[in-house]
Amino acid sequence: MLTLVTGRARSGKTSFVMNEIKKRVDARLGGNILLVPEQYSHQSARALSEYCGDSLSLYGEELTFSLLSDRVLAETGGMAETLLDEGGRILAMALAFSNVQPSLKVYGGVTAKSEFLSGLLKTLDELRSCRIPPSELAEKTEAEGPLADKLHDLSLIYEAYDAVLENSLRDPSERLDRLAEKIASSSIGSGHVYIDGFSDFTAQELEVIREL
């Protein structure tokens, strides 16, 4: 069951959530998770500890999406996968770009400098956060014009980048997709999950919430 707690700023929504968690902790009901944005993690963890006291460590915890991902993948498998750092991502993108460059309409003559490759990676990160696969970009290229040509190039580059990674390497932007796939096989959700402090969600985050 999904329960929405609504109200203006400073109307007591966070206090309500904290008190609900405290009730379950006091009743020794475990599996309680407070999911918060990365930037509020320390503040929320401190507040939750003050509300619930020492028993919190036994019956509840505060997590961010990245910590939730670590927790689930450690439990279900996946932590051993090699995550690329930024340098590795640029090298992988350079290889992917060179593989498809002869077929590109807009970027075919572009020199693959690090700034350009970083820009492509940022674009792919945005597409992945919106859960837009290469095939969906390709579907948008039926019309003619500069935008269609650019989408054509991005779909080829996106697909080539994924092909370079295959199953041996993982891009950090895939982390939440992996989390959504694995939640059902984990112990997460055995209690109650509370979500607080977000102004919006990416499509990846919404998929994780659906799985929760």
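## Sheet, helix packing and pocket in a predicted model

Strand 1 (residues 32–35) and strand 2 pair in the parallel sense over four bridges, where two strands count as paired if DSSP finds at least two bridges between them. Helices (H or I, at least four residues) and strands (E, at least two) are DSSP runs, numbered from the N terminus. The model is a predicted one, in which local features need pLDDT of at least 70 and side-chain atom pairs count only at pLDDT 80 or more, while totals for chains, interfaces and linings use all residues. Residues are numbered from 1 along each chain as its sequence is written, and side-chain values use heavy atoms, with hydrogens and water left out.

**The sheet**

Within strand 2, Glu61 is the bridge partner of Ile33. Strand 1 also pairs with strand 5 in the parallel sense, here over three bridges, and the partner of Leu34 in strand 5 is Tyr194. Together, three strands form an open sheet with parallel pairing and the order 2-1-5. Its edge strands are strand 2 (60–63) and strand 5 (193–195), each of which pairs on one side only. From one strand to the next, the twist averages 20 degrees. Helix 4 packs on this sheet and touches strand 1 and strand 2, its direction making about 120 degrees with that of strand 2. Contact means heavy atoms within 4.5 Å; axes are lines fitted to C-alpha atoms, for helices over the stretch in contact, and angles run from 0 to 180 degrees between N-to-C directions.

In a regular strand the side chains alternate between the two faces of the sheet. Both faces of strand 1 are covered: Asn32 and Leu34 are buried on one side, and Ile33 and Leu35 on the other. Buried means under 20% relative accessible area, exposed over 50%, and partly exposed in between, with a 1.4 Å probe and protein chains only.

In helix 10 (residues 203–211), the buried residues are Gln204, Glu205, Glu207 and Val208. These residues lie on the same side of helix 10 because they cover an arc of only 160 degrees around the axis, the arc being that of the directions from the helix axis to the C-beta atoms. Their cover includes helix 4 (65–76), helix 6 (114–129) and helix 9 (175–182).

Ser129 belongs to helix 6 and is buried, with a relative accessible area of 13%. Not counting residues up to four places away in sequence, Ser129 touches Thr202, Ala203 and Gln204.

**Individual residues**

Ser44 is part of helix 2 (residues 41–52). Leaving out residues up to four places away in sequence, Ser44 touches Met18, Val36 and Glu62. Pro134 is located in helix 7 (residues 134–139). With residues up to four places away in sequence not counted, Pro134 touches Ser155, Tyr158, Glu159 and Asp162. Pro134 and Ser155 are 21 residues apart in sequence, and their C-alpha atoms are 4.7 Å apart in space. Leu91, in helix 5 (residues 86–100), is 26 residues from Leu117 in sequence and 8.8 Å from it in space, C-alpha to C-alpha.

Most residues other than glycine have a negative phi. Arg10, in the segment before helix 1, has a positive phi near 65 degrees. Arg28, in the loop between helix 1 and strand 1, likewise has a positive phi, of about 60 degrees. The table gives relative accessible areas.

| Residue | Relative accessible area | Class |
|---|---|---|
| Ser44 | 13% | buried |
| Pro134 | 15% | buried |
| Leu91 | 63% | exposed |
| Arg28 | 64% | exposed |
| Arg10 | 88% | exposed |

**The largest pocket**

The largest pocket has a volume of about 1200 Å³. On a 1 Å grid over the protein atoms alone, a pocket is an open set of points with protein on both sides within 12 Å along at least five of seven lines, and lining residues have an atom within 4 Å of a point. Grid points are joined across faces, edges and corners, and a volume is the space filled by probe spheres set on the points.

The lining consists of 30 residues, of which Leu2, Thr3, Val193, Tyr194 and Ile195 lie nearest the pocket centre. Helix 1 (13–26) and strand 5 are the elements that give two or more residues to this lining. Helix 1 supplies the largest share, six residues.

Methods. On a 1 Å grid over the protein atoms alone, a cavity is a set of points where a 1.4 Å probe fits but cannot get out, and a pocket is an open set with protein on both sides within 12 Å along at least five of seven lines; lining residues have an atom within 4 Å of a point.
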